[in-house]
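Thanks for coming, everyone. Please have a look at the structure on the screen, and then I'll walk you through it.

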Amino acid sequence: MIAPADWNRMAANIQKLLRGEKKGPSEYTGIRKDGSTFPFLIFPAVIVRDEKPVGLRGAIIDLTERKRMEESLRKSNLRLAEAQRIAHIGNWEWDIDSREMYWSDEMYRIAGMPAQSIHGTYEKFLEIVHPEDRETIKETVKRAANKGTKSEIGHRVVRSDGSVREVRQKVEPIYNDAGRIVRVIGIVQDVTEQNSAERELQTARDLLLQSEKLAAIGRLSAGVAHEILNPVNIISMELQILQAMESLSPEVVEELKICMNQIGRIVTITENLKQFSRVPQKKMAMADINNVISHIMILYDTQLKIEGIETEIQYCPDLPKTIMDKEQIGQVIQNLISNAMAAMEGKDKKVLRIALEKETMNEGNDRLKITVADTGTGIKNEHMSKIFDPFFTTKGQGKGTGLGLSISYGIIKDHGGEIWAGNNQWGGATFYIRLPIRNDVDET
Ligand SMILES: Nc1ncnc2c1ncn2[C@@H]1O[C@H](COP(=O)(O)OP(=O)(O)O)[C@@H](O)[C@H]1O
Ligand SMILES: [Mg+2]
């Protein structure tokens with residue numbers, strides 16, 4: 001009945017039992033009549049006669065069923081752990097009386113620790129919660145423990161390496177049969193990737209909306225600009241006729257001059273508008289962005305010196321040439337530089353930093369990145385989403401048209417690139433441009 005492989009062990013165990021060296025049950029493998037095997041336990045008792053052990057009797061328990069249950073429990077635990085790992089969902093269970101806390105393996109992983117590496121306690125649990133969110137979590141668990149409140153909250157977890165994860169956490173009470181709350185359980189899902197994907201999607205949507213809006217405004221303004229320029233030209237001509245008249249008093253001459261100046265402004269703005277809405281006559285050709293920038297810097301050299309602005313230009317000599325309309329790209333850079341100069345007016349420390357970089361992406365998709373940073377006023381948060389809108393300006397009457405950035409936006413989009421802005425560590429603004437590096441002339 002006993003499997004041959006267990007014979008020696010059994011014989012040794014019997015000797016030990018008779019000598020009194022061993023007590024308690026042993027597990028062996030049994031062989032059924034049909035040849036199949038099964039695990040069983042023997043609970044032995046020594047038969048003693050005249051104070052001498054003369055034999056053994058024992059009770060046998062078939063372990064087949066228990067083993068099967070253990071195995072299936074082990075398997076479902078494994079499956080649960082696997083599911084948790086894949087879904088980034090961890091769970092914990094806090095026993096209110098003993099203050100013991102169980103963490104599933106995935107909980108440890110969410111916290112950036114090897115599974116079961118520390119003894120889970122409520123205090124340890126609070127430690128991994130972002131300090132700013134700790135009070136909220138404490139409150140939530142307390143409410144579940146005291147009042148039986150179920151909640152779901154989003155908060156942050158700080159890993160031991162300092163990185164921050166975003167999680168969603170469900171907290172619920174567990175009652176015993178007497179209706180008393182004995183445990184609080186939590187289910188924690190790491191939603192960092194999900195959230196950042198959502199944010200990216202939102203940014204993409206915003207950008208799309210922005211370009212749709214610009215396209216619509218572009219079409220509108222083309223018509224408007226044309227309509228305005230005609231009467232303005234007539235007014236301008238009439239004014240010139242008036243100015244040419246003799247016998248005008250000096251006051252009238254002065255007033256006419258003001259009118260002519262203002263007409264000049266209308267023309268500038270309208271021309272700008274036309275450029276903004278113009279169906280671009282792109283002159284696409286291979287160009288080296290290093291040269292585009294260095295030419296512009298020569299243009300601005302004197303002006304920058306007069307205004308006391310230091311410059312730090314970081315060229316990137318190994319950038320390959322790429323296809324662009326260098327006039328237009330130059331126009332964008334000039335817009336950014338003149339905005340930066342305006343933003344630095346009156347500042348003590350004025351530095352204009354321009355950097356060129358190559359971003360290596362998966363093969364054949366390299367991009368070039370242009371960064372223009374200043375030490376000016378920076379951009380207010382509430383303005384961030386508007387600065388690329390046409391006519392958005394914070395500059396005084398007669399100073400800004402609010403068209404520079406929206407024109408730039410259109411040009412960069414036309415080149416298949418991206419432009420965006422942020423504030424920097426010097427208190428100023430940084431504008432980023434990313435352009436695809438292409439060397440194939442295709443007009444699609
Ligand atoms: N470098 C910068 N620093 C701070 N604010 C900026 C900067 N560049 C642009 N802005 C903000 O964006 C607005 C729009 O810029 P732009 O489209 O060039 O129009 P404008 O220069 O005529 O105002 C500016 O009025 C300003 O508020
Ligand atoms: Mg401007």
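**Around ligand 1**

Let's start with the shell around ligand 1. Its residues divide into nine nonpolar, nine polar and two charged. One thing to keep in mind: this is a predicted model.

How many residues surround ligand 1? The count is 20. The closest are Asp-374, Thr-393, Thr-394, Lys-395 and Leu-405.

Now the polar contacts. Take Asp-374 again. An N or O atom in the side chain of Asp-374 is 2.7 Å from a nitrogen atom of ligand 1. Next, Asn-339. Here a polar side-chain atom lies 2.8 Å from an oxygen atom of the ligand. Then there is Gly-402. This time the backbone takes part: one of the N or O atoms in the backbone of Gly-402 lies 2.8 Å from an oxygen atom of ligand 1.

How much of ligand 1 does the protein cover? On its own, ligand 1 has 530 Å² of accessible area, and the protein covers 93% of that.

And where does ligand 1 sit? In the largest pocket.

Which elements give two or more residues to the shell? They are helix H9, residues 326–343; helix H11, residues 404–414; and strand E15, residues 429–436. H9 provides the largest share, with three residues.

**Salt bridges**

Let's move on to charged pairs. Side chains of opposite charge can pair when their charged atoms come close. How many salt bridges does the structure hold? It holds 28.

Here is one example. Arg-109 forms a salt bridge with Glu-106. Their closest N and O atoms are 2.4 Å apart. Where do the two partners lie? Both are in helix H3, residues 105–110. They are three residues apart, which is about one turn of the helix.

That's my tour. Thank you.

Methods: Residues are numbered from 1 along each chain as its sequence is written. Chains are lettered from A and ligands numbered from 1 in the order in which they are written. This is a predicted model: local features need pLDDT of at least 70, side-chain atom pairs count only at pLDDT 80 or more; totals for chains, interfaces and linings use all residues. Side-chain values use heavy atoms; hydrogens and water are left out. A residue is near a molecule or strand if one of its heavy atoms lies within 4 Å of it. A polar contact is a pair of N or O atoms within 3.5 Å; within protein, one must be able to donate a hydrogen and the other to accept it, and residues adjacent in sequence count only if both atoms are side-chain atoms. Accessible areas come from the Shrake-Rupley method with a 1.4 Å probe; for residues, only the protein chains shown count as cover. On a 1 Å grid over the protein atoms alone, a cavity is a set of points where a 1.4 Å probe fits but cannot get out, and a pocket is an open set with protein on both sides within 12 Å along at least five of seven lines; lining residues have an atom within 4 Å of a point. A molecule sits in a cavity or pocket if more than half of its atoms lie within 2 Å of its grid points. Helices (H or I, at least four residues) and strands (E, at least two) are DSSP runs, numbered from the N terminus. Ala, Val, Leu, Ile, Met, Phe, Trp, Tyr, Cys and Pro count as nonpolar, Asp, Glu, Lys and Arg as charged, and the others, Gly among them, as polar. A salt bridge is a side-chain nitrogen of Lys or Arg within 4 Å of a carboxyl oxygen of Asp or Glu.
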